[in-house]
Amino acid sequence: MRVLITGAQGQVGAELIRLAPAEFNVTGLGSAQLDISDSDQVARTVTQLQPQLIINAAAYTAVDKAESDSERAYAVNRDGTGLLAQAAERAGIPLLHISTDYVFSGDAQAAYTEADITAPTGVYGASKLAGEQALAEHCSRYITLRTSWVFGATGNNFVKTMLRLGQERKTLGVVADQYGAPTAAISIAQALWKVARDYAASGTLPWGVYHFSGTPSCSWHDFAVAIFEQAQQLGLLSESPQINAITTADYPTPAKRPANSVLSCSKLQQAFGIEQPDWRADLHRVLEALKSA
Ligand SMILES: NC(=O)c1ccc[n+]([C@@H]2O[C@H](COP(=O)([O-])OP(=O)(O)OC[C@H]3O[C@@H](n4cnc5c(N)ncnc54)[C@H](OP(=O)(O)O)[C@@H]3O)[C@@H](O)[C@H]2O)c1
C-alpha cells in the first residue's frame with residue numbers, strides 16, 4: 001500500500017517515518033515539499049504519488065502564537081485539512097488525521113468522550129476543530145485521532161523545555177491546576193500504523209473520531225516532577241531544580257488552556273484493540289534517546 005505522510009518532520013511525522021512498516025511504500029513530505037494549505041501543491045502531489053492512504057501529521061501547533069496569527073493557523077489547520085480531505089475523496093482513498101484535546105473547554109469534571117460537546121478556548125483549538133469539521137464535510141472515509149500533550153525526542157515539547165530550564169534554573173514554577181495526559185509521539189505513530197494495517201487488511205475501517213492519549217492523567221506539575229526524577233536517574237541532569245506548584249492564574253499565557261483535557265480512550269480500544277500507553281515508560285524511552293543523541 002502506498003502511504004503519503006504530510007508534516008513528516010514534526011514530532012509525530014518523524015516517528016511515523018521511523019516506524020513505517022516494511023510492507024508499506026511510504027512517502028513522507030515536510031512542509032518545504034508539501035504545503036498543505038496550497039491547493040495546487042496538494043492536488044499535484046496526490047495525482048503524482050497516487051497514494052492509497054494519506055496520514056496528515058501536518059499542523060500549525062504554536063498554541064500561543066496562534067492567538068495573534070489566526071489567519072495562518074486557520075489556513076493550515078482548517079483549510080489545509082479540508083484540501084487534503086477533498087484530494088483524498090477525489091482519489092477514493094481514506095485520510096487519517098490527528099487532532100487535539102484543545103477542542104474542549106476543559107470545564108468537565110470527567111474525561112471527555114468523542115460524543116462530548118466541543119468548545120475550544122483559543123484560536124489553535126478552534127482552528128483544529130474547524131479542520132475536523134472540514135474533514136467530515138469533504139471526506140467520506142476518515143479517522144480523526146484526537147490526542148494530547150505530545151512529547152518525543154524530535155522537535156519542541158514540554159519535556160525538552162523542562163530539561164533546558166532545569167539546567168538554567170534552581171527553581172521552577174509549573175502549573176498544577178491543568179489536567180491532561182502526556183502522549184509520546186512514538187505511541188501515536190504506532191497507533192496510526194495499527195489503524196493503517198487494519199485498513200490494508202480489510203479495505204475498510206470503523207470511520208469517525210477517536211481519542212488516544214497516554215495514561216494515567218496528571219497535571220503539568222506531575223509531569224515535570226516525573227521528567228526531573230527520570231532525567232536525574234539517567235544522569236541527564238546532575239541536580240533537579242525545585243519544582244513549585246503554581247496556578248494557571250500565576251502563569252498567564254496569550255491562549256487560555258482547558259483546566260481538564262483528559263480524554264476517554266475506550267472507543268479506540270474497543271474498535272482497534274489499541275491500549276493507552278503508560279506515558280512514564282514512554283518518557284523513559286524518550287529520555288534514553290535524548291541521552292544517546
Ligand atoms: N504538540 C502537541 O502537544 C499536540 C497536542 C495535541 C494534538 N497535537 C496534534 O498532533 C499533530 C502532530 O503534532 P506535532 O506535535 O507532531 O506537531 P509539530 O512537531 O509542530 O509538527 C507539525 C509539522 O507540521 C508542519 N507544518 C506546519 N504547517 C504546514 C503546512 N502548511 N504544510 C505542511 N506541513 C506543515 C510543520 O513544519 P514546519 O515546522 O516546517 O512548519 C511541522 O513539521 C497535529 O495535528 C497537532 O495538532 C499536538
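A residue is near a molecule if one of its heavy atoms lies within 4 Å of it. The model is predicted: local features need pLDDT of at least 70, side-chain atom pairs count only at pLDDT 80 or more, and totals for chains, interfaces and linings use all residues. Residues are numbered from 1 along each chain as its sequence is written, and side-chain values use heavy atoms, with hydrogens and water left out.

**Exercise 1.** Describe the residues that surround the ligand.

Solution.
- Step 1. The ligand is surrounded by 24 residues, and the closest are Ser 31, Asp 35, Thr 61, Tyr 124 and Lys 128.
- Step 2. Sort the shell by residue type (Ala, Val, Leu, Ile, Met, Phe, Trp, Tyr, Cys and Pro count as nonpolar, Asp, Glu, Lys and Arg as charged, the others, Gly among them, as polar). The shell holds 11 nonpolar, nine polar and four charged residues.
- Step 3. Strand 4 gives the most to this shell, with three residues. Strands (E, at least two residues) and helices (H or I, at least four) are DSSP runs, numbered from the N terminus.

**Exercise 2.** Find backbone atoms that lie by polar atoms of the ligand.

Solution.
- Step 1. A polar backbone atom of Val 12 is 2.9 Å from an oxygen atom of the ligand.
- Step 2. For Ile 98, a polar backbone atom is 3.1 Å from a ligand oxygen atom.
- Step 3. For Leu 34, a backbone N or O atom lies 3.5 Å from a ligand nitrogen atom.

**Exercise 3.** Describe how helix 5 and helix 7 pack.

Solution.
- Step 1. Two packed helices are described by the angle between their axes and the distance between the axes.
- Step 2. Helix 5 (residues 158–168) and helix 7 (residues 220–233) pack at about 65°, with axes 10 Å apart. Axes are lines fitted to C-alpha atoms over the stretch in contact, and angles run from 0 to 180 degrees between N-to-C directions.
- Step 3. The contact (heavy atoms within 4.5 Å) includes Phe 158 and Met 162 of helix 5 and Trp 220 and Phe 228 of helix 7.
- Step 4. Its residues divide into 10 nonpolar, one polar and no charged.

**Exercise 4.** Locate the cis peptide bond and the positive phi.

Solution.
- Step 1. Most residues other than glycine have a negative phi, and most peptide bonds are trans.
- Step 2. The bond from Thr 215 to Pro 216 is cis, with omega near 0°. Pro 216 lies in the loop between strand 10 (208–211) and strand 11 (218–219).
- Step 3. Gln 50, not a glycine, has a positive phi of about 50°.

Note on methods. Polar contact = N/O pair within 3.5 Å; in protein donor to acceptor, adjacent residues only side chain to side chain.
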